[in-house]
Amino acid sequence: MTLCRYLLGPFFGTIKSMTSSPATSAAGALAADHPLMDGRTADSPLITAYRGGKPSRRPVWFMRQAGRSLPEYLKVREGVAMLDSCLRPELASEITLQPVRRHGVDAGIFFSDIVIPLKLAGVGVDIVPGVGPVLDTPVRTAADVAALPQLTWESLEPIREAVRLTVAELGKTPLIGFAGAPFTLAAYMVEGQPSRDHLGPRTMMHADPETWTALANWAADASGMFLQAQLEAGASAAQLFDSWAGSLGLADYTKYVAPASTRALDHVRHLGAPLIHFGTGTSELLVAMRDVGVDVVGVDYRLPLDEANRRLSGTVPLQGNIDPALLPAPWEILEAHVRDVLTAGAAAPGHVVNLGHGVPPETDPAVLTRVVELIHSIAPE
Ligand code: CP3
């Protein structure tokens with residue numbers, strides 16, 4: 001069955017029942033009153049495009065649409081540490097809704113962080129402003145991995161509560177859940193802090209593959225449970241962020257990373273919600289990233305979408321890939337670029353417009369609103 005999923009998964013993305021879920025996953029599909037099941041979001045432009053159908057308008061959302069580019073975000077975050085804000089359900093929900101209200105985007109992306117499952121498991125981790133995730137103690141040896149605490153289903157309750165509050169407000173607009181992929185999480189865990197080349201985890205996978213596999217599986221299960229909590233509580237799709245996978249060659253990605261990413265997604269395949277996989281610098285990995293078993297591939301700003309579609313043989317809808325560097329450029333230049341992205345994206349069997357990576361904090365939010373208006377003003381292909 002596993003081999004079958006590897007070979008056929010991308011082409012049978014909707015046949016989620018083919019795959020078995022790990023023991024941590026509750027059996028069964030989404031509840032009848034879930035937004036994807038009760039008629040609220042199944043026909044939305046976003047979900048339609050993710051499923052390869054013809055949306056009524058071109059769907060668009062932005063990675064990191066919530067956050068420091070919005071004055072209303074800075075206001076509600078005053079005096080509250082980043083990870084604390086993620087664990088206060090009313091606040092996390094309010095921050096998730098802010099960019100949807102302001103920009104009229106076609107999806108909310110749940111406000112949280114990829115290290116929240118670590119924090120909820122009891123790993124000492126914080127987000128240092130201007131730096132990123134920093135661990136009290138890096139995870140580098142077999143003993144370090146064996147000593148990692150297990151994430152419990154109960155500890156995820158603040159996440160489920162925040163999602164419930166959010167989808168009650170979103171109505172017909174879908175909420176996208178997310179998690180960090182095992183490599184990107186492990187990159188922070190082994191280094192103990194952000195790094196450029198991710199030498200620590202890349203050494204570990206070759207020098208001590210058993211410890212690497214144990215760590216990657218721990219991260220896969222933590223992220224998988226985080227995804228499951230969001231989807232079951234009301235998210236209509238979920239994105240796995242392997243932001244730093246681009247530091248890997250294809251052989252290492254395929255051997256040491258892809259199986260763990262598959263394992264993370266195995267927690268939620270049976271739920272039938274569209275799954276998206278995104279990384280940066282991953283132009284050479286797109287096929288392998290599809291083959292972990294996702295419905296949609298996110299493409300960063302480096303590769304035009306028609307070329308990404310060619311590399312993927314037209315098998316999956318794409319998401320992306322406005323270059324964030326162009327957001328402060330004169331409007332005429334940005335508009336021409338957005339139109340180029342739409343033209344290239346039309347080659348794929350579905351296109352959800354997004355940036356090629358996150359919104360830079362210094363972005364003028366009025367520009368993002370104008371980009372959304374432009375995209376919605378252009379009739380779908
Ligand atoms: O709007 C959204 O996209 C939803 C929220 C979201 C955040 N983090 C909030 C956040 C999402 C999807 C993430 C995922 C995330 N976190 C990733 C994958 C996506 C990517 O950007 O590649 C990664 C690698 C992280 C780890 C992380 N968390 C980094 C590198 C940083 C930036 C540190 C800094 O201050 O420059 C964070 C902090 C973080 N996560 C912020 C936000 C809004 C900024 C913190 C703040 O506002 O104080």
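**Architecture and local features of the predicted model**

Asparagine 321 is found in strand 8. Strands here are DSSP E runs of at least two residues, helices are H or I runs of at least four residues, and both are numbered from the N terminus. A cis peptide bond joins asparagine 321 to glycine 320. Its omega is about -20°.

The model is predicted: local features need pLDDT of at least 70, side-chain atom pairs count only at pLDDT 80 or more, and totals for chains, interfaces and linings use all residues. Residues are numbered from 1 along each chain as its sequence is written, and side-chain values use heavy atoms, with hydrogens and water left out.

The secondary structure of the protein comprises 16 helices and 9 strands. The radius of gyration is 19 Å, close to the 21 Å given by the globule rule for 381 residues, so the protein is as compact as a globular protein of that length. The radius is taken over C-alpha atoms, and the rule is 2.2 Å times the number of residues to the power 0.38. The C-alpha trace spans about 55 × 50 × 45 Å along its principal axes.

Of the 381 residues, 58% are buried. Buried means under 20% relative accessible area, exposed means over 50%, and partly exposed lies in between (1.4 Å probe, protein chains only). Among contacts with a separation of 6 or more, 73% are between residues 24 or more positions apart. The accessible surface comes to about 14,800 Å². Carbon and sulfur atoms hold 55% of this surface. Areas come from the Shrake-Rupley method with a 1.4 Å probe; for residues, only the protein chains shown count as cover.

Charged side chains number 30 positive and 40 negative. The centres of the two sets lie 2 Å apart. Lys and Arg count as positive, Asp and Glu as negative, while His and the chain ends are not counted. Each charge is placed at NZ of Lys, CZ of Arg, CG of Asp or CD of Glu.

Helix 11 covers residues 209-233, 25 residues in total. From first C-alpha to last, helix 11 reaches 36 Å, close to the 36 Å expected at 1.5 Å a residue. The expected span is 1.5 Å times one less than the number of residues.

Helix 16 has 13 residues, 365-377. Its end-to-end C-alpha reach is 19 Å, close to the expected 18 Å. The buried residues of helix 16 include Pro365, Val367, Leu368 and Ile375. The partners against which its buried residues pack include helix 3 (71-77), helix 5 (89-103) and helix 15 (331-345). Strand 8 (318-322) and strand 9 (351-355) are also among them.

Several buried positions were considered next. Alanine 238 sits in strand 5 and has 2% relative accessibility. Beyond neighbours within four places in sequence, alanine 238 contacts Ile176, Gly177, Leu227, Leu231, Pro274, Leu275 and Ile276. Its C-alpha lies 28 Å from that of leucine 334, 96 residues away along the chain.

Serine 243 occupies the loop between strand 5 (237-241) and helix 12 (250-266). Serine 243 is buried at 10% relative accessible area. Residues up to four places away aside, serine 243 touches Thr184, Phe278, Gly279 and Thr280.

Alanine 181 lies in the loop between strand 4 (175-180) and helix 9 (182-191). Its relative accessible area is 0%. With neighbours within four places left aside, alanine 181 contacts Leu240, Phe241, Asp242 and Ser261. Alanine 181 and glycine 249 are 68 residues apart in sequence, with 16 Å between their C-alpha atoms.

Threonine 41 is placed in the loop between helix 1 (2-8) and helix 2 (45-50). Threonine 41 is buried at 1% relative accessible area. Not counting residues up to four places away, its contacts include Pro35, Ile47, Lys172 and Ser236.

Two exposed loop residues other than glycine have a positive phi. Arginine 64, between helix 2 and helix 3, has a phi near 60°. Its relative accessibility is 58%. Serine 313, between helix 14 (305-311) and strand 8, has a phi near 55°. Its relative accessible area is 58%.

Note on methods: Contact = heavy atoms within 4.5 Å.
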